[in-house]
Amino acid sequence: MTNKQNPDTQQNVIGRSVPRVDAPHKATGKALYTADMKLPGMLYGKLLRSPVPHARILNIDVSKASSLPGVKDVIIGKDTPGIKYGNWRLFPQTQDEFPLAMEKVRFIGDEVAAVAAIDPDIAEEAVGLIRVDYEELPAVFSVDEALAPGAPLIHDEIEELEGNISIDRNIDVGDLEAAFARADLVLDDTFTLHAVSHAYLEPCAVLAQPDTEDRLTLWTSTQTPYIVQCLLASTLGLPENHVRVIKPHVGGGFGGKMELRPWDFCAAFMARRTGRPVKFVLSRTEELATGRRRHAIKIRSKVGFKKDGTLVAKDFEAYLDGGAYNSMGPTATFLCGNFGAMLYRYPAYRYRGYHVYTNNPPAGAMRGFGAPQAMYVSETQMNIAAKELDIDPIDLRLKNAMVTGDAIEGVTKISSAGFVESLQKVAEMSGWKEKHAAMPPNKGMGIGCYSFISGGVFNWFNTPYHFSACEVRAYDDGTVHLLTMASDIGQGSDTILRQILAQSLGISVENIRITSADTTMTPKADLGTWGSRVTLMNGNAILDAARKIKENLAQIVSLKFNLNVIHEIAFADGRVFAKLKPERGISFAEAVAMWVTANRGRELTVRGYYTPRDKGLTTPAYSFGAQVAEIAVDPDTGIVTVEKITTAHDCGTVINPMAVEGQLEGSIQMGLGYVLSEKFVMRDGKTLNTTFLDYKIPSAEDMPQIESCAIETYEPEGPYGAKEAGEGLAIPTAPAVAHAVFEATGYRCKELPITPEKILRATGKLME
Amino acid sequence: MSKVNITLHVNGDTYSIAVEPWRTLAEVLREDLNLIGTKIGCETGDCGACTVLINGKSVTSCLSLAIESDGKEITTIEGLSTQGDTLHPIQEAFIEEGAIQCGYCTPGMILSAKYLLDRIPEPTESQIRQALSGNLCRCTGYNSIVKAVIAASKKIKLKKPLQN
């Protein structure tokens with residue numbers, strides 16, 4: 001562990017639980033989300049979705065819908081420019097979606113037509129009047145069906161494709177055969193991981209307003225304004241600069257709001273056609289029935305150990321059920337492979353990952369995309385091996401744990417790792433040694449670990465601009481304006497980024513105004529909120545801008561006090577001064593005022609940028625952590641009660657402890673849902689549970705006691721040593737709970753989620 | 001079907017309006033009265049984001065017809081702090097305890113907490129969890145919210161004038 005403390009962190013703003021800057025507005029109901037907005041003359045949009053999983057569109061008759069009084073526009077695919085889009089711009093053949101279906105529909109819920117009317121009821125009625133004739137095609141609803149010989153081709157229009165595999169990813173490290181030959185124990189298991197919903201509380205919404213001169217403004221519930229701007233412009237056939245995207249408050253995203261979506265396009269397209277603002281708000285039923293979801297993945301993992309627990313090799317094969325379109329599936333395919341090799345040192349590793357089209361609703365990015373599945377498998381196999389080898393599961397992990405400086409050849413290098421310390425700490429906090437050895441009947445204790453990226457390096461969006469950017473304007477009243485496309489979707493980046501800027505300029509958080517995000521005001525570009533990238537990447541862009549501000553103000557103070565060139569200029573407590581002679585200084589406001597005067601009226605505005613360069617293929621920095629779950633199982637009902645979760649995690653320097661705790665506790669909620677209660681019930685491509693009554697996310701009563709400890713490392717690439725805390729924490733709960741369930745019942749879950757029924761079958765309490 | 005004239009007393013203001021009989025209270029609050037603090041998360045009464053108080057009792061306003069509230073007293077999140085910009089102790093506690101992330105569940109969560117604290121000024125942790133179990137949150141994991149309700153209970157107790 002690199003635990004050198006940056007001297008700057010001794011100051012006041014970093015490491016403090018600054019309350020969220022947006023919290024008062026949210027607590028009083030004043031915060032505006034997209035669905036809350038209205039404009040004069042606004043029309044209400046509704047979508048017609050496909051009721052069949054795979055079909056050719058023979059004819060669409062919109063005449064009845066169009067003639068319904070109050071309907072102002074009805075559009076189908078043929079009315080649009082028919083330009084495909086997708087997040088993986090670097091590989092155009094992966095851009096496989098049309099805003100509205102053209103020739104074919106590929107899943108139940110595929111968008112076929114859209115209506116704009118003077119009120120939502122009329123729009124809905126009109127949608128019901130559109131008549132579509134389909135020629136139904138054979139459909140496939142699992143990876144196995146999609147890969148079977150003679151399976152129907154879901155994207156027969158993409159020439160590069162021979163079957164239903166849209167993209168694959170191979171990793172080969174070391175001599176696999178030779179390594180397995182040295183193994184004393186080889187595990188070979190197949191796991192079935194299921195799809196779950198982001199279940200953000202705010203359903204997706206968009207409001208488009210036509211502007212003068214053929215331009216357009218879009219307010220949308222997104223994590224990635226820049227991506228929406230670019231892809232909307234390309235699908236409309238407009239220059240990027242004609243499209244302005246503004247992100248209002250966003251009610252959660254978790255990866256589910258990081259693409260251009262059909263309603264964004266339809267709102268914009270119909271706004272331009274009608275000359276009136278158009279708004280869409282999705283229903284929860286639409287969200288659950290047709291929305292993006294975490295990938296269901298089938299993973300076969302073969303892993304070899306020496307008798308003493310030393311890992312020797314791993315052969316990891318993953319088949320991702322991508323549903324009808326790529327969405328962020330290619331990234332999930334990559335990450336699943338990268339994370340199959342993380343946490344422990346594998347002298348030989350092979351990954352074969354396949355992203356497979358099916359006629360299910362498309363999966364996309366969801367908190368950890370690819371990593372929760374890969375690590376559920378890795379961690380469960382570590383627990384199986386510990387049992388087989390009669391080694392304590394934590395000791396087995398300690399023996400193989402990655403440390404600072406470790407690398408996966410050609411994939412990644414670990415610049416800071418507090419994994420060993422996390423394992424030791426979680427063992428100590430949970431009383432592992434004593435408790436685990438003597439669990440009472442029907443109680444169990446289990447462990448799961450994780451690692452995650454602090455933003456991605458691979459430029460799949462093919463942005464020509466920096467990965468992160470910001471503008472900082474310093475004013476003569478001592479205030480500062482930070483403008484960035486980095487997007488707060490509830491995780492708190494508006495607060496964290498202000499803390500980083502405040503620390504860097506030595507001013508208070510209250511003196512910083514933030515604009516995030518508005519693509520016409522904020523510099524190009526920032527890829528937005530995904531992959532736990534904002535703190536590290538935008539934080540670094542802010543440090544770059546702050547350095548430029550400080551260079552300018554240092555000149556002023558240096559000149560005013562005729563400071564010897566060897567003096568360091570400090571920025572703290574709202575002042576700019578000679579570090580060793582603090583009396584030689586002026587207020588930040590005065591310094592800015594003097595700079596403006598000295599520069600004949602120019603304003604002090606700078607831009608900061610960050611792009612990870614020469615950082616491998618994956619990420620500049622990894623988080624690590626370990627979690628222990630304690631559970632009780634009712635032997636008669638099979639119901640699992642999670643009693644306590646203990647976590648030790650390394651997110652580098654903690655910038656805001658309260659925010660990190662919030663990420664941890666929210667992750668546990670999501671992890672518990674993943675392992676115990678959440679599952680899409682599907683029949684022939686149709687999602688049957690489409691309300692929160694039967695799609696069960698954990699409630700306040702389902703939450704366990706939570707204890708945690710941050711293992712602070714110093715990440716050299718991170719701002720003030722910080723790295724991610726947003727997604728990795730969502731990984732360990734599932735394997736930890738599953739391990740605890742095994743210890744309590746003997747049921748080893750290789751097919752998530754764990755249900756009372758599965759437990760009772762395993763314990764012989766329930767017969768076929 | 002023709003509109004129905006109703007009178008709603010919302011946050012101390014009286015609104016005489018005509019609404020279609022099938023409009024939900026949530027819709028009318030948001031669309032007709034522009035009280036957008038009341039959020040719609042599911043429209044099936046499962047998530048609690050639309051919680052308001054009707055005559056002091058918590059109700060999911062997406063399942064309640066506006067005409068059912070004719071003549072009744074309604075409190076939405078906008079009406080919680082009665083004196084200008086002063087925050088209600090529950091709002092203060094939610095901000096201080098980190099109980100707000102994306103904020104979409106917050107108005108409903110705060111009103112459910114108010115309904116609880118009005119009935120049980122010093123609830124146990126399990127009473128709080130039970131009282132909030134109809135309000136879903138996907139960001140916080142609820143623990144900071146529970147902490148906030150406990151803190152709010154203490155704040156309210158301190159603010160009350162001493163008896164005898």
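Let's start inside one sheet: Ala474(A) stands opposite Val480(A), which sits in strand 20 of chain A. The two belong to an antiparallel pair, strand 19 (residues 468-474) and strand 20 (residues 480-484) of chain A, joined over five bridges. Helices (H or I, at least four residues) and strands (E, at least two) are DSSP runs, numbered from the N terminus, and two strands pair if DSSP finds at least two bridges between them.

A word on the model: it is predicted, so local features need pLDDT of at least 70 and side-chain atom pairs count only at pLDDT 80 or more, while totals for chains, interfaces and linings use all residues. Residues are numbered from 1 along each chain as its sequence is written, and chains are lettered from A and ligands numbered from 1 in the order in which they are written.

**Domains of chain A**

Chain A is assigned domain 1 (7-31 + 467-610), domain 2 (34-137 + 198-290) and domain 3 (296-458 + 616-762); such bounds come from an automatic or database domain assignment. Taken over C-alpha atoms, the centres of domain 1 and domain 3 of chain A are 36 Å apart. Between them, 24 residues of domain 1 of chain A are in contact with 26 residues of domain 3 of chain A, contact meaning that the C-beta atoms, placed from the backbone, lie within 7 Å. Helix 15 of chain A turns up again here: with six residues, it gives the most to the side of domain 1 of chain A that touches domain 3 of chain A.

Is strand 9 of chain A enclosed or open? Five of the six residues of strand 9 (residues 205-210) of chain A are buried, so it is largely enclosed by the rest of the structure. Buried means that 20 or more other C-beta atoms lie within 10 Å of the residue's own, exposed means 12 or fewer, and partly exposed is in between, with C-beta atoms placed from the backbone. Strand 9 of chain A runs antiparallel to strand 12 (residues 278-281) of chain A, with four bridges, and Leu207(A) has Lys279(A) as its bridge partner there. Five bridges join strand 9 to strand 10 (residues 216-220) of chain A, also antiparallel, where Ala208(A) has Leu218(A) as its bridge partner. In the hairpin of strand 9 and strand 10 of chain A, with five residues between the strands, Glu213(A) takes a positive phi near 55°.

The largest nonpolar core has 297 residues, and among the members that touch the most others are Ala113(A), Val115(A) and Leu501(A). Such a core is a set of buried Ala, Val, Leu, Ile, Met, Phe, Trp, Tyr and Cys residues joined through C-beta atoms within 7 Å. Helix 15 of chain A supplies the largest share of this core, 11 residues.

**Chain B and the interface**

Chain B splits into domain 1 (4-79) and domain 2 (89-158), with centres 21 Å apart over C-alpha atoms. Its open sheet of five strands has the order 2-1-5-3-4 (chain B) and mixed pairing, with a twist that averages 40° from one strand to the next. Strand 1 (residues 4-10) and strand 5 (residues 73-75) of chain B pair in the parallel sense over two bridges, and Val10(B) stands opposite Ile74(B) in strand 5.

The contact between the chains takes 43 residues from chain A and 41 residues from chain B. Helix 17 of chain A provides the largest share of the chain A side, seven residues.

Ala, Val, Leu, Ile, Met, Phe, Trp, Tyr, Cys and Pro count as nonpolar, Asp, Glu, Lys and Arg as charged, and the others, Gly among them, as polar.

| Domain 1 of chain B, touching domain 2 of chain B | six residues | seven residues | two residues |

Key:
Contact = placed C-beta atoms within 7 Å. Axes fitted to C-alpha atoms, helices over the stretch in contact; angles between N-to-C directions.
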